[in-house]
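Subject: The two-chain model, handed over

Hi,

Here is the structure I promised to pass on. Have a look at it first, and then read my notes below.

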Amino acid sequence: MEATKSLTAPKRRFVNPACSICEDEGKVTVTVELPGVRKEDLEIKIEGNELVILGKRSDSAPEGTYLLRERRTGDFRKTFTLDDSIDHEGVDGKLSDGILTLTLKVKEAALPRKIAIR
Amino acid sequence: MYTNRWEPATALDFFDSLDFFRDEMERLMEGFRSPEARGIFDRTLTPAVDVIETRDAFVVNVDVPGISKKDLNVTLTDTVLSIQGEKKEEEKGDKGRKFFRKETWSGNFRRTLNLPDTADPEKVSADLKDGVLTITVQKRDEVKPRLITVNVN
């Protein structure tokens, strides 16, 4: 099924952005580098247990000859699979200077509990 | 939380297969690569730069996500353009933080570019927007294309 989907659906090339994932006291922070992406061109959605980040690059290169070309052109896409310990509702996003910071909450039930010893 | 989605590669899309191969290689390398290194086919530790020559200017585009204006230093000496900056790590302290993946880097960088002689060091402007630094250096007036009107008698 996967294979037929990818054969028939129009394929687009995406750039895989650099990202960091860090867990800190019941929060998971995902940092994604999206240079050239404006807030209105960014799409973050949760489909089932997948978190999809789609960023359209809005900066267009001027007409001319490239003397040096190192930047990767194309829109960004990153997909993460969320497991059961992540609260799908409490996702918070912030975009500044081309860096997207997503904060995901770990469900209360999945947090380590401290057991008092009598 | 898994970071990579496994997508089967199809023979029809060669570039997808390459991406897939790269992802797989990265996963293999994960155990023994340095924490700040990115993918094996990506540039490490310096921002990517594009230099475009247009009709009357040189446009330099640099990807600098997460670098603020005050941490960037752009100088132009004659036709040598130097871009210096510092990417700061978010200060939070390491207590209780557990990294699952770290591809973003922090630290100092410096790029020096030698622009063609036709660049005019007097006419330069720089602009930082959404993590992209754009430096425009105008060409010297004498090399810009001019429109010459031909008089027909």
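In what order do the elements of chain B run from the N terminus on? They go α-β-β-β-β-β-β-β-β, which comes to 1 helix and 8 strands. Helices (H or I, at least four residues) and strands (E, at least two) are DSSP runs here, numbered from the N terminus.

Before the details, some housekeeping. This is a predicted model, where local features need pLDDT of at least 70 and side-chain atom pairs count only at pLDDT 80 or more, while totals for chains, interfaces and linings use all residues. Residues are numbered from 1 along each chain as its sequence is written, and chains are lettered from A and ligands numbered from 1 in the order in which they are written.

**The two chains**

Chain A has 1 helix and 9 strands, and its elements run α-β-β-β-β-β-β-β-β-β from the N terminus. Of its 118 residues, 25% count as buried. For chain B, the figure is 20% of 153 residues. Buried means that 20 or more other C-beta atoms lie within 10 Å of the residue's own; exposed means 12 or fewer, and partly exposed is in between, with C-beta atoms placed from the backbone.

I also looked at contacts, meaning residue pairs whose C-beta atoms, placed from the backbone, lie within 7 Å. Taking the contacts in chain A between residues at least 6 apart in sequence, 52% join residues at least 24 apart. In chain B, 50% of the contacts between residues at least 6 apart join residues at least 24 apart.

Have a look at the open sheet of 5 strands with the order β6(A)-β1(B)-β2(B)-β8(B)-β7(B) and antiparallel pairing. Two strands pair, by the way, if DSSP finds at least two bridges between them. β6 of chain A and β7 of chain B stand at the edges with a single partner strand each, so one side of each has no neighbour in the sheet. On average, neighbouring strands in this sheet are turned by 15° against each other, direction ignored; the axes behind such angles are lines fitted to C-alpha atoms (for helices over the stretch in contact), with angles running from 0 to 180 degrees between N-to-C directions.

Going through the sheet strand by strand:

- β6 of chain A covers residues 65–69 and contains Y66(A). This residue counts as exposed because it has 11 C-beta neighbours inside 10 Å. Leaving out residues up to four places away in sequence, Y66(A) touches D50(B) and I52(B).
- β1 of chain B (residues 49–53) pairs with β2(B) in the antiparallel sense over 5 bridges, and V51(B) stands opposite V60(B) there.
- β2 of chain B (residues 57–63) also pairs with β8(B), antiparallel, over 7 bridges. D63(B) has V132(B) as its bridge partner in β8(B).
- β8 of chain B (residues 132–139) is joined by 7 bridges to the antiparallel β7 (residues 119–129) of chain B. Along this pair, A119(B) stands opposite K139(B), and A126(B) is opposite I135(B).

β7(B) and β8(B) form a hairpin with 2 residues between them, and D130(B) in the turn has a positive phi of about 50°.

**A sheet in chain A**

Chain A has an open sheet of 4 strands in the order β1-β7-β5-β4, with mixed pairing. Its edge strands are β1 (14–15) and β4 (37–47), each pairing on one side only. Inside it, β5 (residues 50–57) and β7 (residues 75–81) pair in the antiparallel sense over 6 bridges, with V52(A) opposite T79(A).

**The cores**

A nonpolar core is a set of buried Ala, Val, Leu, Ile, Met, Phe, Trp, Tyr and Cys residues joined through C-beta atoms within 7 Å. The largest one has 18 residues, and C19(A), V28(A), V30(A), V32(A), L34(A), L100(A) and L104(A) have the most contacts inside it. At least two residues of this core come from each of β2 (19–24), β3 (27–33), β5, β7, β8 (86–96) and β9 (99–106) of chain A, and β9(A) gives the most, with 4 residues. A second, separate core of 17 residues includes V51(B), A57(B), L76(B) and V132(B).

Not counting residues up to four places away in sequence, C19(A) touches residues of both chains, including V30(A), K78(A), R101(B) and E103(B).

Cheers

Methods:
Two residues are in contact if their C-beta atoms, placed from the backbone, lie within 7 Å.
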